[in-house]
Amino acid sequence: MTADFDPADVAGFRGTTRLSGARSLRELMSAWDRKVFHRVATRDWPGAHPMLPRLSHSANHGLLWFGAAAGMAVLGSPRARRAAARGVVSLGLASLTVNTLGKRSVRRARPVLDHVPLMRQLKRQPITTSFPSGHSASAAAFATGVALESKGWGAAVAPVAAAVAFSRIYTGAHYPSDVMAGMAIGAGAAFAVRGLVPTRSQMPSPGRPHAEVPCLPGGKDVVVVVNSAAGSARAAQVRDALPLAEVVECRSGEALVAELEKAAANCRALGVCGGDGTVNAAAEAAIRHGVPLAVFPGGTLNHFASDLGLDDLHDTCRALASGDAVKVDVGRFTPEPGSGTRPGIFLNTFSLGVYPELVRVRERWSPRIGGWPAGVLAALRVLRGSGPLEAEIEGRRRALWLLFAGNCLYQRVGPAPSRRWDLADGLLDVRVVHGGRLPGVRLLAAAAAGPLSRSPFHAAVRVRELRITGLAPRTPIAYDGEVTLASGVLLVDKLDEALTVYRPLLPA
């Protein structure tokens with residue numbers, strides 16, 4: 001005799017089996033959690049008591065990581081500053097995810113502290129739910145974000161992040177699975193930020209095409225002119241990295257230009273250490289004498305070196321040793337004959353309007369109060385007291401607050417133009433902020449509008465040359481951080497692939 005077969009009974013049995021399996025897995029994980037937590041709590045960890053509770057407390061609200069980021073930004077290279085910024089943004093995303101989703105979706109009670117020695121316990125116990133660990137998420141997010149941009153700084157930060165994560169178990173604040181989940185969320189946040197804002201190694205290599213240059217290991221036949229404003233420490237670093245090179249320190253101004261001319265005429269490669277204005281003068285000498293240029297970042301911002309992927313002098317030394325270089329475009333501005341203005345070049349930007357005055361005020365105050373405070377003071381003063389500039393651009397009379405011409409197209413990462421991915425595209429990136437009331441609002445609107453847009457405030461186009469006429473006598477113009485005066489007519493155009501610059505083909 002056979003029993004009746006009911007498919008519903010089979011489905012119910014399968015559902016019960018699945019529920020039982022899930023419950024068993026949770027129970028297994030809970031048992032593992034308690035077992036590991038008990039072992040950590042009852043084991044003696046030599047030297048851990050003076051350090052781990054304090055380390056755990058210092059990471060409250062991300063203060064430890066914000067302090068680390070500030071130190072990296074102040075003391076480190078541009079790569080370190082990028083790594084610090086990426087770490088902070090990753091931390092912010094991880095904290096947001098933990099506090100809005102993680103803590104509210106799994107309301108797990110904190111561990112019982114019966115087996116945790118009193119001397120290990122935190123003075124103020126957390127009141128939020130246990131799963132996941134916010135401290136561990138922040139630590140992993142910051143460390144992963146830093147490592148994605150700079151492996152060296154990542155290796156320095158990772159042990160501290162691991163110690164913070166372990167301290168949460170050691171002090172009895174979290175179960176091990178809370179910490180593991182928090183670290184997974186933190187690492188995921190760092191990779192999510194990288195998906196939105198690529199790291200330098202993910203971006204296309206700037207500068208093309210490849211140029212044939214001599215391999216000069218140790219700086220053989222290289223003359224490096226160091227702007228004394230960059231500091232004697234920079235000159236010492238260059239001498240240590242390139243023992244065969246001739247290193248000359250010189251003050252800025254006419255003496256620097258003369259020294260660059262002399263060096264370019266007597267070397268196989270011209271090296272320069274300084275800011276963008278110094279590099280501009282070196283580029284003129286290198287083009288005139290037909291020698292390649294080796295740029296060693298030595299200024300405050302180093303825009304040109306950064307866009308080449310040169311974050312420190314070791315990047316340039318590697319390129320000299322391997323003989324790797326690229327050809328890049330050079331911007332040029334040419335005044336009308338008899339105007340009294342000397343023609344010049346620009347590697348980064350050329351501008352008219354409020355920016356030249358801002359540069360002039362900033363340079364006046366920076367020796368007294370420092371570069372960044374001077375820049376803020378200059379912006380406030382210029383935007384409050386300046387009026388729009390009158391000029392004729394391509395045959396049309398305009399009132400404008402700012403005319404910006406970039407040597408090659410600037411890309412956007414965030415609201416403002418930041419860097420160039422191609423330094424030989426043959427184009428000028430021209431942006432105009434029209435005249436009118438509220439210049440600060442107009443400049444901010446232009447920054448947020450993007451690289452190629454048109455609005456009542458802002459216009460942006462790509463051109464090969466730009467003709468500007470009707471400039472009032474002694475109108476200030478800025479190029480690569482330097483300021484000069486012009487009047488009448490200016491032609492702004494490009495010299496395609498005019499400069500050869502050493503840069504490594506592969507990242508370090």
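1. R268 is partly exposed, with a relative accessible area of 43%; the class lies between buried (under 20%) and exposed (over 50%), with a 1.4 Å probe and protein chains only. D221 is partly exposed as well, at 34%. The side chains of R268 and D221 meet in a salt bridge at 3.6 Å, N to O (a side-chain nitrogen of Lys or Arg within 4 Å of a carboxyl oxygen of Asp or Glu). R268 lies in the loop between α9 (254-264) and β3 (269-274) and D221 in the loop between α7 (176-196) and β1 (222-227), so the pair ties together parts that are 47 residues apart in sequence. Helices (H or I, at least four residues) and strands (E, at least two) are DSSP runs, numbered from the N terminus.

2. This is a predicted model, in which local features need pLDDT of at least 70 and side-chain atom pairs count only at pLDDT 80 or more, while totals for chains, interfaces and linings use all residues. Residues are numbered from 1 along each chain as its sequence is written, and side-chain values use heavy atoms, with hydrogens and water left out.

3. The whole structure contains 18 salt bridges. E149 pairs with R86, the closest N and O atoms being 3.0 Å apart. This pair links distant parts of the chain, E149 in helix α5 and R86 in helix α4, 63 residues apart. E149 is buried, at 10% relative accessible area, and R86 is buried at 8%. Both belong to a network of salt bridges that also includes R79, R82, D311, D312, D315 and R318.

4. K494 forms a salt bridge with D329, with 3.2 Å between the closest N and O atoms. K494 is in strand β15 (residues 482-502) and D329 in strand β5 (residues 325-335), 165 residues apart. Both residues are buried.

5. The second largest pocket holds about 920 Å³ of space. A pocket is an open set of points on a 1 Å grid over the protein atoms alone, where a 1.4 Å probe fits, with protein on both sides within 12 Å along at least five of seven lines; lining residues have an atom within 4 Å of a point. Its volume is the space filled by probe spheres set on the points, which are joined across faces, edges and corners. The lining has 30 residues, of which S56, N60, L122, H135 and R168 lie nearest the centre. Helix α4 gives the most to this lining, with five residues.

6. There are zero disulfides (pairs of cysteine sulfur atoms within 2.5 Å). C215 is partly exposed at 46% relative accessibility, whereas C317 is buried at 13%.
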